[in-house]
Amino acid sequence: MKSITIKTAALALVLGLGAACGTASAWGGRGYHHHGGGFVIGAALGLAAGGTIMALSQPAYAYPSPFYASPPVFYPAPAVVYSSPPVVYASPPVVYSTPPVVVAPPQTVVASTDVAAYPLHGQSAALQASDRAACERWASGQSGYDPAQASQWTTSAQTSSYTRAMGACLKGRGYSIN
């Protein structure tokens, strides 16, 4: 039933019960002497019955049924890979007008590490040789330069340091240095 039909039926029931109870009360039912009291009781009963009918008849709501659809499948195009073209090396023609000149690396001139020493106290030749060998070892340790290991990378600073150390050693052993 539609909700308007239910409301109309409930209203008719309330009025009908109220009228029936009011008539019964007017004819002296149950000892009530109020002429309007029966209608009120009947109307209350009718109203209760109508409310019950209306409460039991709930309106029907129609909802559309849900529609589920999977999204369309999307396949992206593969990425384009660019490769560089192959490299071709072309050599220019070689023209020689004069033969190439070969230059040797510059020769480094190493300062002399020979220290002239004169014995001041009459040292013998054997003692002079022994003193010179000892001073060469000491000067090499002090300067970091060994004359036996000289190369093209030997600097003048190294030889100068060695020469000063050698002169100091021989002077300390009693020789006159040039």
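The legends below describe close-up views of a predicted model.

Residues are numbered from 1 along each chain as its sequence is written, and side-chain values use heavy atoms, with hydrogens and water left out. Because the model is predicted, local features need pLDDT of at least 70 and side-chain atom pairs count only at pLDDT 80 or more, whereas totals for chains, interfaces and linings use all residues.

**View 1. The protein chain and its elements.** The protein chain holds four helices and two strands, where helices (H or I, at least four residues) and strands (E, at least two) are DSSP runs numbered from the N terminus. Read from the N terminus on, the order of these elements is α-α-β-α-α-β. Of the 178 residues in the protein chain, 17% count as buried, a term that stands for under 20% relative accessible area, with exposed meaning over 50% and partly exposed in between (1.4 Å probe, protein chains only). When contacts (heavy atoms within 4.5 Å) are taken between residues at least 6 apart in sequence, 71% of them join residues at least 24 apart.

**View 2. The crossing of helix 3 and helix 4.** Two packed helices are described by the angle between their axes and the distance between the axes. The axes of helix 3 and helix 4 come within 8 Å and cross at roughly 135 degrees; here axes are lines fitted to C-alpha atoms, for helices over the stretch in contact, and angles run from 0 to 180 degrees between N-to-C directions. That angle makes helix 3 oblique to helix 4, since angles under 35 degrees count as roughly parallel, over 145 as roughly antiparallel, 65 to 115 as roughly perpendicular and the rest as oblique. Helix 3 passes helix 4 in a right-handed crossing; a crossing is right-handed if the near helix is turned clockwise from the far one by less than a right angle, and left-handed if anticlockwise. On the helix 3 side the meeting residues are Asp131, Arg132, Cys135, Glu136, Trp138, Ala139, Ser140, Gln142 and Ser143, and on the helix 4 side they are Gln158, Ser161, Tyr162, Ala165, Met166, Cys169 and Leu170.

**View 3. The largest nonpolar core.** A nonpolar core is a set of buried Ala, Val, Leu, Ile, Met, Phe, Trp, Tyr and Cys residues joined through side-chain atoms within 4.5 Å. The largest one has 10 residues, namely Val115, Cys135, Ala139, Tyr145, Tyr162, Ala165, Met166, Cys169, Leu170 and Tyr175. Helix 3 (125-143) and helix 4 each supply at least two residues of this core, and helix 4 gives the most, with five residues. In soluble globular proteins, nonpolar side chains tend to be buried together.

**View 4. The surroundings of Tyr162.** Tyr162 is found in helix 4 and counts as buried at 3% relative accessibility. Leaving aside neighbours within four places in sequence, Tyr162 is in contact with Thr113, Glu136, Ala139, Ser140, Ser143, Tyr145 and Pro147. The C-alpha atoms of Tyr162 and Ala139 are separated by 5.6 Å, although the two residues are 23 residues apart along the chain.

**View 5. Ser143 and its polar contacts.** Ser143, which belongs to helix 3, is buried with a relative accessible area of 18%. Apart from neighbours within four places in sequence, Ser143 is in contact with Gln158, Ser161 and Tyr162. A polar contact is a pair of N or O atoms within 3.5 Å; within protein, one must be able to donate a hydrogen and the other to accept it, and residues adjacent in sequence count only if both atoms are side-chain atoms. A polar atom of the Ser143 side chain lies 2.9 Å from the backbone oxygen of Ala139, and the side chain of Ser143 also reaches the backbone nitrogen of Tyr145 at 3.3 Å.

View 6. Thr154 lies in the loop between helix 3 and helix 4 and is buried, with a relative accessible area of 7%; the side chain of Thr154 reaches the backbone nitrogen of Ser151 at 2.9 Å. Thr159 lies in helix 4 (residues 156-172) and is buried, with a relative accessible area of 0%. The backbone oxygen of Ser156 lies 2.9 Å from a polar atom of the Thr159 side chain.

**View 7. Gly172 in helix 4.** Gly172 lies in helix 4 and counts as exposed at 66% relative accessibility. The C-alpha atoms of Gly172 and Cys135, which are 37 residues apart along the chain, are separated by 9.8 Å.
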